[in-house]
Amino acid sequence: MTDKRALTDPGQWEWQDRQRLEQVCEELGLAEPSNGEKLTDFGSGVRPGQDLVIAGYIGLGGTIWMGRHREEILRKTLPEDYVESGKALQADMDRVSAAAVLNAVVSETDRGNYGAVVVYDVIEGGIFAALWEFAQAAGTGIYARLKDIPVRQQTIEFCEVFDLNPYQLLSGGCTLIAADNGCDLLYKMNRAGIPCAVIGKVTKDHDRVVAHDDTCRYLTRPQRDEIFELL
């Protein structure tokens, strides 16, 4: 591993980080889109009061990578079959691809069933980055409940081993959606084999709030993806 403190040009290690991340995404079958390509708008725009829905689970990309490349360390703390189950999450990530979610959203939206208007890929920086970027692009605020954000137990436990934040971890197979009728969308997606959860609301102010128990966290500009701590 390169010691970044030994590099005199900060731009040099930033470039090396980007190269490493691209290699990770390529290995996992993730195409890291530009910010403009992350957001697919069906024309009516995001409106305050809409439900925020997540299709898939957060942090899968980083979880799979840790299972493959930090397996030895994980097995010192976790059972072997549990580490293997984390590596096997690739199938989940592939099944809930952005293309699969888009196809389901377009199909149901065309029939006016739940008014999904915006679909946003969750990849680098995890769900916290996606929520901030989504609100920034939409010109709205968001209110999300941390306990409702879907995350696999393997992701939580792998992150605990390396002291990483699962909500800032490389995702993939995870999509953020704004919908008029989030519960209807959840029902339709689940019937299509796509796990979904309603996690909050679009708000009329510009605050990006994540609530947990009796506390609220105000999201700031996206932080560096936690996967970089292991590259």
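Modeller: Gladly. A salt bridge here is a side-chain nitrogen of Lys or Arg within 4 Å of a carboxyl oxygen of Asp or Glu. Keep in mind that this is a predicted model. By that rule the count comes to 13 salt bridges.

Colleague: Which parts does the salt bridge of Arg47 and Asp180 tie together?

Modeller: The side chains of Arg47 and Asp180 meet with N and O 2.6 Å apart. Arg47 sits in the loop between strand S1 (39-41) and S2, and Asp180 in the loop between S5 and helix H10 (182-191), so the pair ties together parts that are 133 residues apart in sequence. Arg47 is partly exposed at 32% relative accessibility, and Asp180 is partly exposed at 34%.

Colleague: Which residues are linked in a network of salt bridges?

Modeller: Glu71, Arg75, Glu80, Glu84 and Lys87 are. Within it, Arg75 bridges to Glu84, with the closest N and O atoms 2.9 Å apart. Arg75 is partly exposed, at 33%, and Glu84 is partly exposed as well, at 32%.

Colleague: Let's turn to strands. Is S5 mostly covered or mostly open?

Modeller: Mostly covered: six of its six residues are buried. Cys174, Leu176 and Ala178 point one way from S5, while Thr175, Ile177 and Ala179 point the other way.

Colleague: How many bridges join S2 to S5?

Modeller: Six, and the two strands run antiparallel. Within this pairing, Leu52 stands opposite Ala178.

Colleague: Which residues other than glycine have a positive phi, and where are they?

Modeller: Asp163, at about 55°, is one of them; its place is the loop between helix H9 (153-162) and strand S5 (174-179). Asp213 is another, with phi near 55°, in the loop between strand S7 (208-212) and strand S8 (215-218).

Colleague: Are these two buried or exposed?

Modeller: Exposed means over 50% relative accessible area. Asp163 has 71%, so Asp163 counts as exposed, and Asp213 is exposed at 68%.

Definitions and conventions: Residues numbered from 1 in each chain as written. Predicted model: local features only at pLDDT ≥ 70, side-chain atom pairs only at ≥ 80, totals over all residues. Heavy atoms only, no water. Helix = DSSP H or I, 4+ residues; strand = E, 2+ residues; numbered from the N terminus. Buried < 20%, exposed > 50% of the residue type's maximum accessible area, 1.4 Å probe, protein only. Pairing = 2+ DSSP bridges.
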